[in-house]
Amino acid sequence: MNSTISEFVVIFTTQWINQMSAITWVAAFFLVWLLLWLPIAIPLMRRLQWQPFQPFTPAQKLPLLASLYAIAPLLLWGYTVLAQVPFTHYGLRWQPSVLLSISVGIGIAVLGLLLLFGLQQWQTWSLWQSAATVAFRNALLPSFLIGLWVSITEELVFRGFLLNQLLTLFPAWGAAVGVSAIFAVLHLLWDRQETIPQLPGLWLMGMVLVLARWADQGLLGLAIGLHAGWVGSMISLDSSQVIQYSDRAPVWFTGVFHKPLAGWGGILLLMLTGAVVGAIGWIN
């Protein structure tokens with residue numbers, strides 16, 4: 001009797017899951033993620049003395065981000081159980097080729113930023129602060145570890161789960177546009193004032209990361225590496241304040257609030273990176 005009931009529940013649940021649309025899955029995923037996070041986030045916000053409608057400081061953002069991203073892998077695992085798909089369905093496999101792709105992605109990202117900031121220094125738009133070099137070196141390892149953790153989580157959610165869901169409803173280009181738009185808009189959660197000028201750059205960044213998954217034959221290694229390289233490098237630079245911008249620096253190139261994604265320098269870098277990633281995909 002109990003066996004019959006169990007079989008009925010499994011069959012009913014499987015049929016119900018199969019009938020749920022991709023949009024419903026996406027909405028349910030983000031809603032459940034938010035509901036699971038709020039009981040942790042609200043007391044944490046009070047403890048961090050965050051004021052409503054104010055941007056988060058780096059010291060406030062990191063603990064909140066940690067609590068939010070700690071939930072995502074568990075939620076994704078729960079989805080794989082319900083949908084009866086393997087975790088590798090998201091494009092992440094722990095094998096040597098993926099580790100190689102992550103390393104290549106980090107290298108491309110770091111070289112691109114060296115090119116961008118090297119150009120700015122050549123034009124005397126920014127200056128390297130020698131006194132902050134030690135602080136910059138000390139920040140590298142923790143910054144890249146944070147960048148790797150953030151990139152694995154975001155790539156699993158956006159270029160993994162979300163992209164897979166949208167591909168069931170739209171052609172590849174439509175799914176890429178949609179997932180990149182959602183990726184960009186959700187960054188407004190942390191800071192609207194500084195994020196709004198970066199929205200086009202964030203969208204383009206998302207498109208390059210989708211292209212990276214395609215170039216890596218459906219795996220997330222290259223996208224994780226690019227993402228980690230960008231995030232880790234920028235955290236190192238910002239936290240050490242090793243770069244000082246001059247009064248001659250044009251905002252149209254260096255970006256609003258000196259955020260590369262809010263200026264043409266960062267946009268051109270993403271376009272160049274996209275060309276390199278496309279070439280890798282063509283070779284593969």
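Glu194 is partly exposed, with a relative accessible area of 28%, where partly exposed lies between buried (under 20% relative accessible area) and exposed (over 50%), computed with a 1.4 Å probe on protein chains only. This is a predicted model, in which local features need pLDDT of at least 70 and side-chain atom pairs count only at pLDDT 80 or more, while totals for chains, interfaces and linings use all residues. Residues are numbered from 1 along each chain as its sequence is written, and side-chain values use heavy atoms, with hydrogens and water left out.

**Salt bridges**

- Two salt bridges are found in a search of the whole structure, a salt bridge being a side-chain nitrogen of Lys or Arg within 4 Å of a carboxyl oxygen of Asp or Glu.
- Glu194 is paired with Lys259 in a salt bridge of 3.7 Å, N to O; Lys259 lies in the loop between helix H10 (251-254) and helix H11 (264-283) and Glu194 in helix H7 (residues 192-195), so the pair ties together parts that are 65 residues apart in sequence.
- Helices are DSSP runs (H or I, at least four residues), numbered from the N terminus.
- Lys259 is also partly exposed, at a relative accessible area of 24%.
- Arg159 forms a salt bridge with Glu155, with the closest N and O atoms 2.7 Å apart, and both residues lie in helix H5 (residues 133-167), four residues apart, about one turn of the helix.
- Arg159 counts as buried because its relative accessibility is 0%, and Glu155 counts as buried at 0% relative accessibility.

- Not counting residues up to four places away in sequence, Trp33 touches Leu68, Tyr69, Ile71, Ala72, Leu75 and Val157, contact meaning heavy atoms within 4.5 Å.

**Helix packing**

- Helix H2 (residues 22-47) and helix H3 (residues 58-83) pack at about 145 degrees with their axes 9 Å apart, the axes being lines fitted to C-alpha atoms over the stretch in contact and the angles running from 0 to 180 degrees between N-to-C directions.
- The contact of H2 with H3 has 20 nonpolar, one polar and no charged residues.
- The axes of helix H8 (residues 199-215) and helix H9 (residues 221-240) come within 7 Å and cross at roughly 145 degrees.
- Residues meeting between these helices include Met205 in H8 and Leu226 and Trp230 in H9.

Definitions and conventions. Helices (H or I, at least four residues) and strands (E, at least two) are DSSP runs, numbered from the N terminus. Ala, Val, Leu, Ile, Met, Phe, Trp, Tyr, Cys and Pro count as nonpolar, Asp, Glu, Lys and Arg as charged, and the others, Gly among them, as polar.
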